[in-house]
Amino acid sequence: MRRFFYLLLVAGLSVISTSAFAQDDERQSINVLAEARVDYQGNYLDGNHICDESGFKGKYINLIVFGDISNSFSYSYRQRLNKAHADATFFDATDWLYLTYTTPNRHWALSAGKQVVGIGGYEYDRAPIDLYFCSEYWNNIGCYQFGASVTYANKSGNDKIMFQACESPFKQKGADMYAYNLMWYGSHGWFNSIYSVNMMEYMPGEYIYYIALGNEFRFGDCGKLQLDVMNRASKGEPFFFKDFSIMSELSFNLGQKVGVFGKATYDTNKSGVMADYCVMPGTDITRVGAGIEFYPLPKGNRSVRLHANYCYTFGVNGNAAAPVLMDNQSLFSVGLKWKIDIASLTKKIVK
């Protein structure tokens, strides 16, 4: 199976490379921005204050660099400056760092480097700095890995199909483990989608399989409903409705400055098989909450955001060693996010 996917990826590379240098390159660009978020949060379990998880918290400091090397080649880089790493593992704090080649007709694109693992769903797809409370699955998946991907876009650009081969999110030290992901991105006005089928090694030679269906329903410019359904199974167990997650968020804009949302997640694993390291066997847990966002700058400028939110969790978490969501847990936070454009430069290449 692994050899088949390697051959498929090599075939994609050969198709793309036939036109790699068939056009004149005319521009180079660089864009640099930084963003940060700081919260005051309270975490309570069974009514008891968890001091280590409460108080002022620096959540994120991100440096983002992206642009074009030529008409064909673009790059993207995001470094999480507040994430700890050793000198030899600097890339642990790198969310992504990849180079993309796009064919002149814009139908095909090839990317390589550290990428987001191609798993469907809108909760999974959103930037962590814009999320306040999430599912048990989201909190345990290592979603940035080294790999390569081939993407095909139709003529309108409204539908994209991507195949990706990358390191497994469950990679163990000293093991050579991979994940293979096939995704569909759809953009059709009132309905958008991020769907995937995935096979990932959770142990060398042993795979867990996903069907992840991310659906977004838009109500004009005023609101949207995001609904993710993810089913997981390994070999030898019933595929459907034993190990799955549902994540939903309903949000509305109240003018240009205020947004409100309600969110619910549900994670369960009744498979009895130790193959899912994100949602452990025995888990049956729900989280519900709501929040508000305020953007104080004028004219729709969203570079500064104030936010407040609350969620409550109930159920059983089968991860006895290190659970994230816990029964009778209350979590609230108020905070501030800001971003700044540091530099933006474009130049023409003189031939």
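Reader: Which residue in E10 does Ala-179 stand opposite?

Author: Ala-179 stands opposite Met-200 in E10. This is a predicted model in which local features need pLDDT of at least 70 and side-chain atom pairs count only at pLDDT 80 or more, while totals for chains, interfaces and linings use all residues. Residues are numbered from 1 along each chain as its sequence is written, and side-chain values use heavy atoms, with hydrogens and water left out.

Reader: How many bridges join E9 to strand E10?

Author: Strands are DSSP runs (E, at least two residues), numbered from the N terminus, and two of them pair if DSSP finds at least two bridges between them. Ten bridges join E9 to E10 (residues 191-203), and these strands run antiparallel. In their hairpin, which has two residues between the strands, Gly-189 takes a positive phi near 75°. E9 (residues 178-188) is also joined by nine bridges to E8 (residues 159-167), again in an antiparallel arrangement, and there Phe-163 stands opposite Leu-182 in E9.

Reader: How many disulfides does a search of the whole structure find?

Author: A disulfide is a covalent bond between the sulfur atoms of two cysteines. Here the criterion is a pair of cysteine sulfur atoms within 2.5 Å, and a search of the whole structure finds zero disulfides. Cys-51 is in no disulfide, the nearest cysteine sulfur, that of Cys-311, being 18 Å away.

Reader: Is Cys-166 buried or exposed?

Author: Buried means under 20% relative accessible area, exposed over 50%, and partly exposed in between (1.4 Å probe, protein chains only). Cys-166 is buried, at 2%, whereas Cys-51 is exposed, at 57%. The sulfur of Cys-166 lies 11 Å from the closest cysteine sulfur, in Cys-143, which is too far for a bond.

Key:
Helices (H or I, at least four residues) and strands (E, at least two) are DSSP runs, numbered from the N terminus.
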